Amino acid sequence: MKDLMEIIHNRKTIRRYQERPIEEDILRQVLDCAVQSPTAMNRQARKYTVLQDKMQMQRLEQAVQSALERNSYSFNNPAAFIFISVPRDLENGMADTSCAMQNMMLASTYLDLGSCWINQLKHCYDDPGVREILTDCHIPEDHVVYACLALGYPDQDPAPKEKSEWIEFL
């Protein structure tokens with residue numbers, strides 16, 4: 001079994017994936033780890049939506065690109081794309097989403113999957129073109145999407161980036 005500290009220190013962002021689907025039991029393990037993450041006041045109001053349809057992913061990429069007025073935009077062709085949506089009025093929705101994202105990224109590392117936090121939807125989830133696709137993906141109209149996870153078998157092995165944030169003991 002892999003050591004938790006090793007998993008934490010070796011987690012890295014992956015932006016190139018193999019053309020290989022993720023087995024359903026593996027996806028369920030990743031999602032179960034997300035569900036086990038804490039939520040403020042134990043509200044448990046998150047909805048997880050797993051998109052595996054490549055055409056729908058491309059439609060969403062194009063809609064996000066248009067909404068953000070970019071020349072290009074890509075989720076990097078993952079095998080799966082996981083939305084975490086929360087009710088608009090959930091005061092700690094971003095924090096609850098972040099806890100779930102961290103658990104999924106660590107679980108992905110443990111399961112030899114690559115992952116990449118996609119945060120652009122938090123800026124455009126109400127854009128009409130983006131919202132249409134979110135609705136097609138069964139994300140409720142009264143939900144916001146603060147983060148998504150691109151997930152797949154890695155087609156690259158970058159070295160983990162050096163971390164050097166400020167720590168002070170008093």
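Which residues does Arg70 touch, not counting residues up to four places away in sequence? Arg70 touches Gln65 and Gln120, where contact means heavy atoms within 4.5 Å. The model shown in these views is predicted: local features need pLDDT of at least 70, side-chain atom pairs count only at pLDDT 80 or more, and totals for chains, interfaces and linings use all residues. Residues are numbered from 1 along each chain as its sequence is written, and side-chain values use heavy atoms, with hydrogens and water left out.

**View 1. Arg70 and Glu69 in the loop between α3 and β2.** Helices (H or I, at least four residues) and strands (E, at least two) are DSSP runs, numbered from the N terminus. Arg70 counts as partly exposed because its relative accessibility is 40%; buried means under 20% relative accessible area, exposed over 50%, and partly exposed in between (1.4 Å probe, protein chains only). From Arg70 to Ser85 the C-alpha to C-alpha distance is 24 Å, at a sequence separation of 15 residues. Glu69 is exposed, at 73% relative accessibility. Its phi is positive, near 55 degrees, and Glu69 is a residue other than glycine. Most residues other than glycine have a negative phi.

**View 2. Helix α3, residues 54-67.** The 14 residues of α3 should span 20 Å at 1.5 Å a residue, and the end C-alpha atoms are 20 Å apart, which agrees; the expected span is 1.5 Å times one less than the number of residues. Gln56, Met57, Leu60, Glu61, Ala63 and Val64 are the buried residues of α3. They cover an arc of only 165 degrees around the axis, so they are on the same side of α3. The arc is that of the directions from the helix axis to the C-beta atoms. Met55, Gln62 and Ser66, on the other side of α3, are exposed. The cover over the buried residues of α3 includes β1 (47-51), β2 (80-87) and α5 (128-136).

**View 3. Helix α5 and its buried residues.** Val130, Arg131, Ile133 and Leu134 are buried in α5. Their arc around the axis is only 160 degrees, which puts them on the same side of α5. Among the elements that cover them are α3, β2 and β4 (143-152). Thr135 is also found in α5 and counts as partly exposed, with 34% relative accessibility. Thr135 and Ala67 are 68 residues apart along the chain, and 16 Å separates their C-alpha atoms.

**View 4. Helix α2, residues 24-35.** For the twelve residues of α2 the span should be 16 Å at 1.5 Å a residue; the end C-alpha atoms are 16 Å apart, in agreement. Ile26, Leu27, Val30, Leu31 and Ala34 are the buried residues of α2. Seen down the axis, they fall within an arc of 135 degrees, so they line one face of the helix. They are covered by elements including β1, β2, α4 and β4.

**View 5. The largest pocket, with about 220 Å³ of space.** On a 1 Å grid over the protein atoms alone, a pocket is an open set of points where a 1.4 Å probe fits, with protein on both sides within 12 Å along at least five of seven lines; lining residues have an atom within 4 Å of a point. Grid points are joined across faces, edges and corners, and a volume is the space filled by probe spheres set on the points. The lining holds 15 residues, and Asn10, Lys12, Thr109, Asp112 and Leu113 lie nearest the centre. Two or more residues each come from α1 (4-10), α4 (93-110) and β3 (114-118); α1 gives the most, with three. Five lining residues are nonpolar, four polar and six charged. Here Ala, Val, Leu, Ile, Met, Phe, Trp, Tyr, Cys and Pro count as nonpolar, Asp, Glu, Lys and Arg as charged, and the others, Gly among them, as polar. Asp112 lies in the loop between α4 and β3 and is exposed, with a relative accessible area of 51%. Although Asp112 is not a glycine, its phi is positive, at about 65 degrees.

**View 6. The second largest pocket, with about 180 Å³ of space.** The lining consists of Arg11, Lys12, Thr13, Arg15, Pro158, Ala159, Pro160, Lys161 and Lys163. By class, three of these residues are nonpolar, one is polar and five are charged.
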